[in-house]
Amino acid sequence: HHEIIGKINKEKLRRISEVLNNLEHSVRDKLNRVKPDWDSELKYILKGKSKKMIPVKVICDVYAEDTANKKRYAFELKAPLPNSDQTKVSKEKILKLYCMEPLQIDEAYYALPYNPYGKKEDYAWSFPARWFNMREDKVVLIGNEFWEKIGGTGTYQAFIDVVNKIGPEYRKRIYKEFLGIEPPASDNWR
């Protein structure tokens, strides 16, 4: 839990609420429903102009700095099958991070450390899909994408290898407490 403090102009805050309200209260039929689109939503919000600045505090789940490249990252971590309310709060936080003046982060992400569906293009849990295009929004990291962003190429596989080595008791705890799911029955669970 890392605290990030900054200021956001009043119009950008209003636009964040507008975008979230449109996603939450759009038409219920699938053909006319407002669909999430990170790039267009953020572009719209960032165009908001106001001289009135509002102090804002965002507490992100994970904050990391790449000192070699001088980059600051914030992550909202969720279990692989998050509920809608959690996802809405995370999206609001990430939008606020991108709107702070001066910018306090270089990149922020909605991250699921594990993907029970295998590949990102197969992710099918419906609740977060109300707020993010889980397969296409660049702000969404699922499974190995998150681990590679945090630790570089090979990090996810290294994590899995270590979990396999530490024994069944810890493996069960990691799956249940960190990943939020039941461990696979098989020993071939990569």
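1. Some ground rules, starting with the rings: those of Phe, Tyr and Trp (its six-membered ring) pair if their centres lie within 6.5 Å, with planes under 30 degrees apart called stacked, over 60 edge-to-face and the rest tilted. By this rule there are 10 aromatic pairs, and Y73, F75, Y109, F146, W147 and F159 make up one aromatic cluster. Note that the model is predicted: local features need pLDDT of at least 70, side-chain atom pairs count only at pLDDT 80 or more, and totals for chains, interfaces and linings use all residues. Residues are numbered from 1 along each chain as its sequence is written, and side-chain values use heavy atoms, with hydrogens and water left out.

2. Now the sheet. Helices (H or I, at least four residues) and strands (E, at least two) are DSSP runs, numbered from the N terminus, and two strands pair if DSSP finds at least two bridges between them. Four strands form an open sheet in the order β3-β4-β5-β6, with mixed pairing. At its edges sit β3 (62-66) and β6 (140-142), each pairing on one side only. On average, neighbouring strands here are turned by 30° against each other, direction ignored.

3. Take the pairings one at a time. β3 and β4 run antiparallel over five bridges, with V62 opposite F75 in β4. These two strands form a hairpin with four residues between them, and K70 in the turn has a positive phi of about 55°. β4 and β5 are parallel, again over five bridges; Y73 stands opposite E107 in β5, and L77 has A111 as its bridge partner.

4. How well covered is β4? Mostly: five of its seven residues are buried, where buried means under 20% relative accessible area, exposed over 50% and partly exposed in between (1.4 Å probe, protein chains only).

5. α3 packs on it, touching β4 and β5, and its direction makes about 165° with that of β5. Helix α4 (residues 144-151) lies across β3, β4, β5 and β6, running at about 105° to β6. For these angles, axes are lines fitted to C-alpha atoms, for helices over the stretch in contact, and values run from 0 to 180 degrees between N-to-C directions; contact means heavy atoms within 4.5 Å.

6. α3 (residues 84-99) has 16 residues and reaches 23 Å from first C-alpha to last, close to the 22 Å expected at 1.5 Å a residue (that is, 1.5 Å times one less than the number of residues). Its buried residues include S84, T87, I94 and Y98. Among the elements covering the buried residues are β1 (2-9), α1 (10-24) and α2 (38-46).

7. The start of α3 is worth a zoom. N83 caps the N-terminal end, with a side-chain oxygen 3.1 Å from the backbone nitrogen of D85. The side chain of T87 reaches the backbone oxygen of N83 at 2.9 Å; a polar contact here is a pair of N or O atoms within 3.5 Å, where within protein one must be able to donate a hydrogen and the other to accept it, and residues adjacent in sequence count only if both atoms are side-chain atoms. T87 is buried, at 0% relative accessible area. Leaving aside neighbours within four places in sequence, T87 touches P82, Y110, P128, W131 and F132.

8. Finally, W38 and Y98, both buried. Their ring centres are 5.8 Å apart and the planes are at 65°, so the pair is edge-to-face. W38 belongs to helix α2 and Y98 to helix α3, so the pair ties together parts 60 residues apart in sequence.
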